[in-house]
Amino acid sequence: MDDSGPMRVLVIGGTGRLGAPVVKHLARAGNEVIVLTQSGRLPRDAADAVQAAPGDAVDRAAVEAALAGCHERQGASLVSYVSGSATFPEHARFPEIATKLSAERAVVGSGLRWIILNPSFAMEILPMHVQRGLALYFGRQPHPMHWLAADDLGRAVASAYDTEEAREQRLFIRGPEALTVAEALRRYCAALHPGISKPRSLPFWLAAAIATVTRDRNLATAVSAYRMYEGVGGDGGDPSSAERLLGAPQTTLAAWLARRSR
């Protein structure tokens, strides 16, 4: 552990489902956290140490302005990137993975110290599957995935920033139990939507057709992502290094659902 003082950290994407817990845990660790945000809004319950920097992630001038004063302890710059558990060259036929691979290469080739975190499937996507009294997912999705609470990811990111040995590492963060999408949704509905008897699967072709007819870009993105998840065959990577350095995520789906039920 490096105990030479807090850092000033810029978080891009810090208001989303995965980014907000990262902001929370970085701030809780004593760091000064800057969130790049177009809206100027910060994550709910953001700590006093968290500040908003106006701007878009594709606006180089805005990013450079927000980065002013950001540095790692000992004065060396550090860049991190949250990628995915399926990000491997053999899966580059999927556009989502090709994009992540390109981003990983940019991080590694930046000339800065770096950390890449590759999390498994996030529990926080489950509510998005429930629409108009139905629980839907796309494709067959036969492969179990290690469901990860976003709060555990946030804790892992903050720990990685505080751990010298995590530098220049790709760290695979897995949740504690492997479930198929159908099983995870069944448990989610039993706890929070008991009126829904069971999840239903839409074939990819039908979901894609609906997205085209309705011009629903979010649906089209979700269909493409699930086609990728089914195609890669579940989680990849070895989580042993991440668990040794940062600790293993502990939040089960049952514990996550219990918190949401309060």
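Reader: What share of the contacts in the protein with a separation of 6 or more comes from residues 24 or more positions apart?

Author: First, the term: contact means heavy atoms within 4.5 Å. Here, residues 24 or more positions apart account for 75% of the contacts with a separation of 6 or more. Keep in mind that this is a predicted model, where local features need pLDDT of at least 70, side-chain atom pairs count only at pLDDT 80 or more, and totals for chains, interfaces and linings use all residues. Residues are numbered from 1 along each chain as its sequence is written, and side-chain values use heavy atoms, with hydrogens and water left out.

Reader: What radius of gyration does the protein have?

Author: The radius of gyration is taken over C-alpha atoms, and the globule rule is 2.2 Å times the number of residues to the power 0.38. For 262 residues, a compact globule would come out near 18 Å. The protein has 19 Å, which agrees. Its C-alpha trace spans about 55 × 35 × 35 Å along the principal axes.

Reader: How many residues count as buried, as a percentage?

Author: Buried means under 20% relative accessible area, exposed means over 50%, and partly exposed lies in between (1.4 Å probe, protein chains only). Of the 262 residues, 44% count as buried.

Reader: In what order do the three strands of the open sheet lie?

Author: Two strands pair if DSSP finds at least two bridges between them. The order here is β1-β2-β3, and the pairing is parallel. The edge strands are β1 (8-12) and β3 (50-54), and each pairs on one side only. On average, neighbouring strands of this sheet are turned by 30° against each other, direction ignored. Such angles run from 0 to 180 degrees between N-to-C directions, with axes as lines fitted to C-alpha atoms, for helices over the stretch in contact. Strand β2 (residues 32-37) pairs with β3 over five bridges, in the parallel sense. Thr37 stands opposite Pro54 in β3.

Reader: How many salt bridges does a search of the whole structure find?

Author: Start with the idea: side chains of opposite charge can pair when their charged atoms come close. The rule is a side-chain nitrogen of Lys or Arg within 4 Å of a carboxyl oxygen of Asp or Glu. The search finds 13.

Reader: Which residue forms a salt bridge with Lys24?

Author: Asp151 does, with the closest N and O atoms 2.5 Å apart. This pair links distant parts of the chain: Lys24 is in helix α1 (residues 19-28), Asp151 in helix α4 (residues 150-161), 127 residues apart. Lys24 is partly exposed at 34% relative accessible area. Asp151 is buried at 19%.

Reader: How far apart along helix α2 are Arg60 and Glu64?

Author: They are four residues apart in helix α2 (residues 60-67), so about one helical turn separates them. Arg60 is exposed at 66%, while Glu64 is partly exposed at 45%.

How values were computed. Helices (H or I, at least four residues) and strands (E, at least two) are DSSP runs, numbered from the N terminus.
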